[in-house]
Amino acid sequence: MSIGSPLYTLEPEHGAAFVALVLFALGAWLFRRRIPALPPIDLLLAALLLGSSAVHLGLAIGHATAGGAVRLLFLADALALAFIARRVLSGASAGRLGLAVLGGSIVAYWVATAGGEPPDQLGLANKLSEILAFAIAARPATPARVRSATGSVAVMLLVLGTATTSWIGAFRASASEPGAVAGHHVHAGSVAPPGTVLPPATTREPTAAESTAAEGLLLATRAGIARYADPKVAAAAGYHVAGMSGIDFHANNPAYEGDGRVLDPARPETLVYAIAPDGRAVLFGALFVMPKIGEPGPAVGGPLTVWHAHQDICFSLTPPALTGVLSPLGTCPIGSITMPLTGEMMHVWTVPGAPQPFGDLDEQWKRAYLNANFPKR
Amino acid sequence: MASVPDVHGVMRAQAWRSDLLEVVRVLLLLQGAILIANTLEAGLFAIAFSGGLTPTVLMTAAAAIAVFVARARLCSERPARRTLYVVEAIVLVLLAVDTALSLIITHQAVPPVAVLTRFVLPVSVIALVGRVTRTPHGEGSIA
């Protein structure tokens with residue numbers, strides 16, 4: 001079974017927090033007649049605080065593997081949030097204590113995620129609701145431009161901080177996986193980076209037959225794409241080489257993408273080039289893509305030749321181009337659509353001396369190779 | 001001359017409208033902050049992979065500005081509200097496309113945070129602004 005990034009899913013240990021949130025919503029609906037008549041903004045604040053309190057209570061229960069101190073902190077946060085909600089429901093303001101508790105809860109999330117705790121959908125939704133609560137609590141009671149502007153800037157910084165630390169957490173959690181280590185297990189692991197779907201990490205060594213098949217695929221691909229070392233020849237064959245830039249330029253061939261052939265060394269769906277310091281285009285290898293989404297690629301070399309796919313990537317329609325990966329905030333740039341899943345694909349690096357012929361090619365090695373063989377004139 | 005009950009009615013309507021506007025303002029602040037964060041993310045990605053700013057970065061930045069301008073002029077200008085409706089409509093249409101793609105390709109809905117930031121937030125803003133403009137005695141201050 002392939003694994004996507006936890007950024008877009010619900011972590012199993014957050015299940016209790018989700019149940020607690022649903023129970024809170026159900027309870028609020030059942031006892032709606034007992035809710036005091038308050039302005040809508042105060043009712044919204046109380047609901048956000050109580051919802052977050054329920055989530056933290058669930059986290060204290062659900063984080064069975066975490067230390068006692070962590071669970072105690074979740075419980076303390078739940079109680080503090082409930083206390084402030086009670087104050088709001090009684091007609092008082094959240095006050096500085098409210099801002100401190102909400103700010104502390106959000107910063108605690110930053111510390112956890114920046115430290116490598118993979119963020120998930122419940123955590124992100126909870127932080128966004130706490131930021132909204134902070135925005136309400138930070139409103140000045142009377143019109144005051146400076147305090148209002150300070151509150152707005154604080155809310156923007158909280159959103160930016162939450163997005164940034166979530167990216168850091170998602171990539172750090174993935175980078176600590178054995179599959180992220182350069183070598184033949186690359187492109188596998190139990191925590192995928194955002195935008196990627198990986199096969200589970202395998203610990204078994206390839207059989208002799210698999211090693212031979214993988215070597216055969218590499219040699220056949222090297223021979224099959226040798227003629228495309230000249231980008232003009234690639235262009236004549238239908239590869240989109242226009243606008244080549246960077247050290248990881250993927251030139252696709254729409255005709256080969258739609259021909260239904262699988263792993264044909266003479267007709268890879270995409271070629272990968274790098275622009276060397278002297279300005280020339282250097283052919284690094286090929287990318288084979290399965291014709292249908294969800295169809296697994298043939299494991300010709302066993303653990304040596306693993307396939308991956310991409311999930312939740314942003315595509316611009318104006319003009320057609322890759323514009324990013326779905327943000328932790330749930331958004332792609334305006335004018336882009338989210339592609340939930342791509343077909344499986346596998347890189348084969350034919351460039352001489354590549355440290356790993358399949359999977360990811362180390363970026364530093366690429367630069368060193370280009371600088372050594374094609375230096376700036 | 002307005003009778004006493006009429007005066008009370010007007011005051012209640014104005015208080016109700018003012019309360020709803022407060023909710024709209026905090027929702028727009030959150031939405032604007034999300035769009036700014038999204039602009040920075042898209043800008044970094046564009047610089048890293050495309051070598052410069054792309055139309056989507058500029059469109060996201062324009063949407064963020066439109067949201068903040070609408071937030072500031074919600075009470076006084078009809079064009080600001082119209083621009084806001086256009087931004088919210090674009091967000092909702094793109095979410096509809098994404099949801100359709102997700103259901104067709106993966107048979108799953110879009111992630112819950114996307115539902116919150118791209119459905120709940122814009123729909124709440126549209127609904128609340130609509131209610132504010134429809135509130136009796138509200139035309140004088142909102143139109």
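H2(A) and H5(A) cross with a left-handed sense: the near helix is turned anticlockwise from the far one by less than a right angle, whereas clockwise would be right-handed. This is a predicted model, in which local features need pLDDT of at least 70 and side-chain atom pairs count only at pLDDT 80 or more, while totals for chains, interfaces and linings use all residues. Residues are numbered from 1 along each chain as its sequence is written, with chains lettered from A and ligands numbered from 1 in the order in which they are written.

Start with that pair. H2 of chain A covers residues 40–62, and H5 of chain A covers residues 121–137. Helices here are DSSP runs (H or I, at least four residues), numbered from the N terminus. The two pack at an angle of about 145°, and their axes are 9 Å apart. Axes are lines fitted to C-alpha atoms, for helices over the stretch in contact; angles run from 0 to 180 degrees between N-to-C directions. From H2(A), the contact takes in residues including Leu44(A), Leu48(A) and Val55(A). H5(A) supplies, among them, Leu122(A), Glu130(A) and Ile136(A). Contact requires C-beta atoms, placed from the backbone, within 7 Å. By class, this contact has 11 nonpolar, 4 polar and 1 charged residues. Ala, Val, Leu, Ile, Met, Phe, Trp, Tyr, Cys and Pro count as nonpolar; Asp, Glu, Lys and Arg as charged; the others, Gly among them, as polar.

H5(A) also meets chain B. Its partner is H4 of chain B, residues 112–134. The axes come within 8 Å and cross at roughly 30°. H5(A) is therefore roughly parallel to H4(B), a label for angles under 35 degrees. Gln121(A), Leu124(A), Ala125(A) and Leu128(A) face Pro112(B), Val113(B) and Leu116(B) in this contact.

Now take the whole interface. Here 40 residues of chain B contact 40 residues of chain A. On the chain B side, H1 (4–49), H2 (55–72), H3 (78–106) and H4 each give two or more residues. H1(B) gives the most, with 16 residues. That side divides into 26 nonpolar, 9 polar and 5 charged residues.

Finally, the domains of chain A. Domain 1 spans 6–175, and domain 2 spans 189–308 + 344–373; these bounds come from an automatic or database domain assignment. Their C-alpha centres lie 44 Å apart. Between them, 7 residues of domain 1 contact 5 residues of domain 2. The domain 1 side has 6 nonpolar, 1 polar and no charged residues.

Methods: Contact = placed C-beta atoms within 7 Å. Parallel < 35°, antiparallel > 145°, perpendicular 65-115°, else oblique.
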